[in-house]
Structures are given as structure tokens and as C-alpha cells.
Amino acid sequence: MNDLLQTDHLGKEYGSVRAVSDVSMSVAAGEFVAIMGRSGSGKTTLLHLLTGLESATSGRILFQGQDISQLDEDRLALWRREHVGLVFQSFHLIPTLSAVENAAFPLYPTTIPPGERGQRALARLEQVGLVHRADHRPGQLSGGEQQRVAIARALVNHPHLILADEPTGNLDSQTGAEIMNLFRKLNREEGVAVIIVTHDPDIAAVADRLIEMKDGSIVNHDSQAHGMLAQI
Amino acid sequence: MSLPYLLAELTRRPRRTLFAILSVASGVALFVSLQAYATGYREAARAPLAEIGADIAAQRQGEVPEAFDGIVFPHSTAPIHREEIEAVRRLPGVEAVGESVLFWDFESEQFLVVLGLDPSATSGPGRLRAAVTEGRFLAADERGVAAADVTFARERHLRVGDRVSIAGQPFTVVGLVDTSRAGQVANANLYVPLADARALSHEAPNVRAVHDFRADDANLLFIKANQAQIDGVTASVASLLGDEALVSSTRSFSQTLGEAYRLVDRFGWLVGLAGLGVAAAALLRAMSANLWERRRDIGVMRAVGWRRIDIVRQLASELIALALAGVGVGLAGAVVISFILSQTTVTVPVPWELSPTPHFLPGGAKSMAVTIHLPAQVSSQTAFIALGLALLGSAAVAIGLAGWAARIKPAEVLRSE
């Protein structure tokens, strides 16, 4: 299988606390992976390491064969802009910007002309079914709508990989199911790899593969997710 | 820098924007208004001399006349000799020197204050030509003619073409001048050619009795000087004319304007700069509170691929835009304040020696003053200084805050509660 992302004995320590320990894993292009574990198991820290938002204290991360753990913060930012889309549990939209402006937000510091940015953002909003709310600000949107805007933002730079941290954690189960449907659809139709961190087995069941974490380490690499989206 | 994001932050956080703009605006308005106020007073202090086209009036105290009969010099206008006049002319910073001879003429039936002037001089009472109400002004190289003050002429029923007697010599009135239009300094009843005044004074027994007044001397000098060197020229002239010198300049009028002016003149810059400092502190407070609220947004910027320099540019642009808006509002406020200030009047007392009337004559003991509207105006120089300081301050605040913001660890601020 063609590895998109690979970690090699990855570790993260905060003083004497070992948050992530000796994690070696790989994610193939177009794969849908869920990282599951209880609160405090290190899954969010692992996600932050994979996105370069935090630096590892040991090990390395290879993306398309390139060791991104050697990049400085600005190069990591550029790498994220080019290859990665991020989705957070609390959506983290910019409150002063409209939905379309939020969706275009990663493109603001680029040289892409404003008109093209807007078109790309609108196209992504259409893809997540929210083009009719393009001019609304986050405060005027429901939780599910905000998460759709966040997904549109994650998609606007045509990423190879989407990393989502508890993307349904702040949503009711019905809306959560819709969001997971959306991830699944994007994964299948666009071929974008998805890594979702969750503590919810029903959410994790949507993934192709399940990685289970406990006390900062991976305890099960290859659990086959067998739940069906329709059952969520 | 993203303009849509900048505009969104400015317009969709109206309280923060308003507070920041008003903070800067109040500092700028205070700074600029105080300078306009101080400059207005400084201009007002120039008014008495500016009205006759001079920056400095120089004269010298001398002996009191032995007898008040015929032509005598007031004791504040002793002779200034030719070599002294030439020395004044050569002083660095002196641009022009107007010479005059002022004397009193005590006759059995009349008393006259007469001023001899050079009609061609660009500084000094020669500027009275602009105040002619009837007839004409004195011409260069003319002799035996006089221009009469309109009030004096009315009292004496004088008309253009009439003859008046000065120390027994006839002078033809060629014009009437409204002296009040030209200010209070060096006012006289009659204005005659300088050569006539010199000749009459040179021959006057009661002048000769106490003064060595030579045929080419003067007793009043009106000096036009380089504005930047007025204080130096004033000191040099005083030094040249000796211990008895009476040298009036803008500064000497300033000293008569009272405590309020002195405070503004001395502390205006300090208070204005303090105002700008307080404004910068308020801006810093508003923006740091704002950035603290927005630290998660800044984390999002990093997470979605903004480099540090992108964040610094964006936040610094916001701050500078706020500062520019604040300067604009502050300058507009200063213009309004200056307009209100310019509606007030200021009275500048004129020292007796600059327009001497014997105290024993009616009106002689009356104090004179020039009353004008305070010329308080926002100068472009002060506006640019305020703009520069505000931009400098906001740039310093911007670099500090944006630098701090760019160092925010996204992982720390983006973790879900």
C-alpha cells in the first residue's frame, strides 16, 4: 500500500509525563482511519504531532516520504496549508468572518486573487451543503452548520489529508451522523485520507481502520471497523 | 495582509474599534490643540509689532527733558547713533532695519506727537501707507509734508491740503491715516519724512540740551529678523545699545500675556506628549485585551497555514489602521477645538515706551493694548508630528503585540475544553 503518512517511534513528553510513547503507524493515501481511546490516552496529542502543531520529543514523521519533524514552524505552516485540512471539536471559526470568508481563510495569506479565493470557498461550501448560508457569521449558524464550514475550510486547499479532532464531540447524534457521512463521502469521492480522533466507538466504526490508544501507546493497530454509518 | 479580514475585524468589533480610535484621537487632539493654543498665543504676542511689519523694536532710555518747550524727546527715546544703527544692520539674522525719530512738540497752543519715518522702508511705520483713508501717504525724498492721524485731524478740523505747524515750521497735510488699523505701536498725531524729523530734532534746543542727537541719528528702530534667530538678535541689539536699551520683541510681549500662556508655552509639549503616551497605553491595553480574546483565532491562523510573518503583518496592519483612523479623528477634533479657541480674544498690553504720550496729558496715563482673536490654528507641522508619533507608537505596540501573538502555541489554544 502507498503510505501517505508514517510515524516512526514517535514520542512526546511534558516534563516527566509521557503523553505519547513509541508510536509507529502508517496511513495510506485515501484511507479513513479512526484513532480511538479514552480521555487522556494521548490521542489528541498524537493528532497534534501528526499536524506539526506540536513537536515530538522523539521519533519522526514522514509525509509522502519527507521527514516533516525536521521542518521549522513556518515551513510546517506552509506544509499544512498545502497538504492538510484540520477540523476541531469546537469548530474554531473566526467569529468576525462570514461562512464563505471562514472557508477561504487558509487562502488569505496566499497570492491567489480574492475573486478566485471566494469561488473556491463557495464551491467547498456547496460541497458541504451550506452555500445558502455563505454570508452568515458563526454566531448565526448552528453547531452542525459551523462544523460544515470548518470542513469546507479544511477542504479549500485541496488537501491530501484531513485530520479531525473529535469532530462530532459538540454535536447531537443526528448532526454528528451527518458530519460523519460527509467525511465518508469526501473520503470516497475525493480520495482524501481522513484521520479522525474520537472516543466514541460508533463514530470510529465509520472508519476503514481503527487504531486504539491507551496511556500514550497504540494497543491495537488494525482493528477493522465494522459498524455502518447508517447504524449511527 | 488580508484586507477583508482587516475590515471585518475593524467593523465587526465596533466597541474595540471605537475605544482604540477614541484613545488615539483624544491623545492627538490634546497634543495638536495645545500646540495650536500655544502657537496662537505666540502669534498674538507678535501682533503689536507684526502690525507694523517688525519683529523687534529697539530704543534707549535717556535723560528727562529739562524743559517741556518746543521739540523734546520722550525719555524712552534717546538717540541711537548712525554707527550703532549700522552695527545693528550687520547683526546675523537681521533682515531689515527701519529708522524713525519720535518727538513731542510742546507749543503754546498745541501739543503734538510726531513720528519721522522713511516711507520707502519695508519695516516699521512706513507700512502706515496701507492705512491711508484720504489723500495719499508720504513719498520718498519728499520734504515739508505730513500725514495726519484721522482722529487727530477730526479734533483739529484738519483736511488734506491744510497746513500744520511743527516747531514753527509749516507742513502740508497730504493725507489722513487711520492709525488704529495699523496697531498701537509708535502712534503719533503727525507723520513726517524722516529727514524733516531729523533736521528739526537736531536743531531743537531742548533736545540738544540733554542729548547728542546728530543729523543722521534715529531714536526708534524697527527690526525685521529671521524668525529662528529673533531671541539672539534681541539679545545682541540690547547688548549693542547698552544698559539703557529698551528692546521689545515677541518674547517681551509674551511675558505680558499671563500665567496661562506661560504654562501652555512651557508645558504644552510635555502635556501633549503625555497625552499621546496615555493614548498609546490605552491602545496597547485595548489591543492586548483584544489579542488575548483572539488567541484562539491566532492559533487557527497557524493551524491553517499562516506563517508568523503573515500574522505579524495582519495584526500590525489592524493596529496601524486603528492608529491612522485615530489620528484622523483626533486632527478633526483639534481643528474644531482650535476653531472654538480662535473665537476667543486675547489682549496684548503694549508698553508705554512704544507709543509714548506724556502722562500729564489727557489719555497719557491710559494703558494701551492690542486685542485680537486668538490665532489658534492647527499647523501642518504639528499634524505631521502627531501623525508620526502616533504611527511610531502604534508600530511599537504592533511589533510587540503581533510578535507575542505570533509566538502563541496553536496546540495550547486549540485544545478543546
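Gln64(A) sits in the loop that links β4 and β5 of chain A. The model is predicted. Phi of Gln64(A) is positive, about 50°, although the residue is not a glycine. Most residues other than glycine have a negative phi. Gln64(A) has 14 C-beta neighbours inside 10 Å and therefore counts as partly exposed.

Chain A has a second residue of this kind. Glu166(A), also not a glycine, takes a positive phi near 45°. The loop that holds Glu166(A) runs between β7 (161-165) and α6 (173-190) of chain A. Is Glu166(A) buried or exposed? Glu166(A) is buried, because 21 other C-beta atoms lie within 10 Å, and the cut-off for burial is 20 or more.

**The sheet of chain A**

The strands β4 and β5, on either side of the Gln64(A) loop, belong to an open sheet of four strands in chain A. The order in this sheet is β2-β1-β4-β5, and the pairing is antiparallel. Its edge strands are β2 (17-28) and β5 (66-67) of chain A, each of which pairs on one side only. Strands of a sheet pair through backbone hydrogen bonds.

Strand β1 (residues 3-14) of chain A is joined to β2(A) by eight bridges, and the two run antiparallel. Within this pair, Tyr14(A) has Val17(A) in β2(A) as its bridge partner, and Gln6(A) stands opposite Ser26(A) in β2(A). β1(A) and β2(A) make up a hairpin with two residues between them. In that turn, Gly15(A) has a positive phi of about 60°.

β1(A) also pairs with β4(A), in the antiparallel sense, over five bridges. Here Gly11(A) stands opposite Ser58(A) in β4(A).

What lies across β1, β2 and β4 of chain A? Helix α1 (residues 43-51) of chain A does, and it runs at about 60° to β2(A).

Seven helices and ten strands make up the secondary structure of chain A. With a radius of gyration of 17 Å, close to the 17 Å that the globule rule gives for 232 residues, chain A is as compact as a globular protein of that length. For chain B, the secondary structure comes to 13 helices and 13 strands. A compact globule of 417 residues would have a radius of gyration near 22 Å, but chain B has 31 Å.

The table gives the remaining values for each chain.

| Chain | Quantity | Value |
|---|---|---|
| Chain A | Span of the C-alpha trace along the principal axes | about 45 × 40 × 35 Å |
| Chain B | Span of the C-alpha trace along the principal axes | about 105 × 40 × 35 Å |
| Chain A | Buried residues, of 232 residues | 50% |
| Chain B | Buried residues, of 417 residues | 48% |
| Chain A | Contacts between residues 24 or more positions apart, among contacts with a separation of 6 or more | 67% |
| Chain B | Contacts between residues 24 or more positions apart, among contacts with a separation of 6 or more | 82% |

The domain assignment of chain B gives domain 1 (3-47 + 258-414) and domain 2 (62-243). Between the C-alpha centres of these two domains of chain B the distance is 48 Å.

**Contact between the chains**

The contact involves 25 residues of chain A and 23 residues of chain B. On the side of chain B that touches chain A, the elements that give two or more residues are α1 (3-11), α10 (295-303), α11 (308-342) and α13 (410-414) of chain B. Which of these gives the largest share? α10(B) does, with five residues. By type, the residues on this side of chain B are ten nonpolar, three polar and ten charged.

α10(B) is largely enclosed by the rest of the structure, because seven of its nine residues are buried. The buried residues of α10(B) are Asp297(B), Ile298(B), Gly299(B), Val300(B), Met301(B), Arg302(B) and Ala303(B). These buried residues pack against elements of both chains: α2 (73-83) and β6 (84-87) of chain A, and α11, α12 (380-406) and α13 of chain B. Just after α10(B) comes Gly305(B), with a positive phi of about 110°.

Terms used:
Residues are numbered from 1 along each chain as its sequence is written. Chains are lettered from A and ligands numbered from 1 in the order in which they are written. This is a predicted model: local features need pLDDT of at least 70, side-chain atom pairs count only at pLDDT 80 or more; totals for chains, interfaces and linings use all residues. Two residues are in contact if their C-beta atoms, placed from the backbone, lie within 7 Å. Ala, Val, Leu, Ile, Met, Phe, Trp, Tyr, Cys and Pro count as nonpolar, Asp, Glu, Lys and Arg as charged, and the others, Gly among them, as polar. Two strands pair if DSSP finds at least two bridges between them. Axes are lines fitted to C-alpha atoms, for helices over the stretch in contact, and angles run from 0 to 180 degrees between N-to-C directions. The radius of gyration is taken over C-alpha atoms; the globule rule is 2.2 Å times the number of residues to the power 0.38. A residue is buried if 20 or more other C-beta atoms lie within 10 Å of its own, exposed if 12 or fewer, and partly exposed in between; C-beta atoms are placed from the backbone. Domain bounds come from an automatic or database domain assignment.
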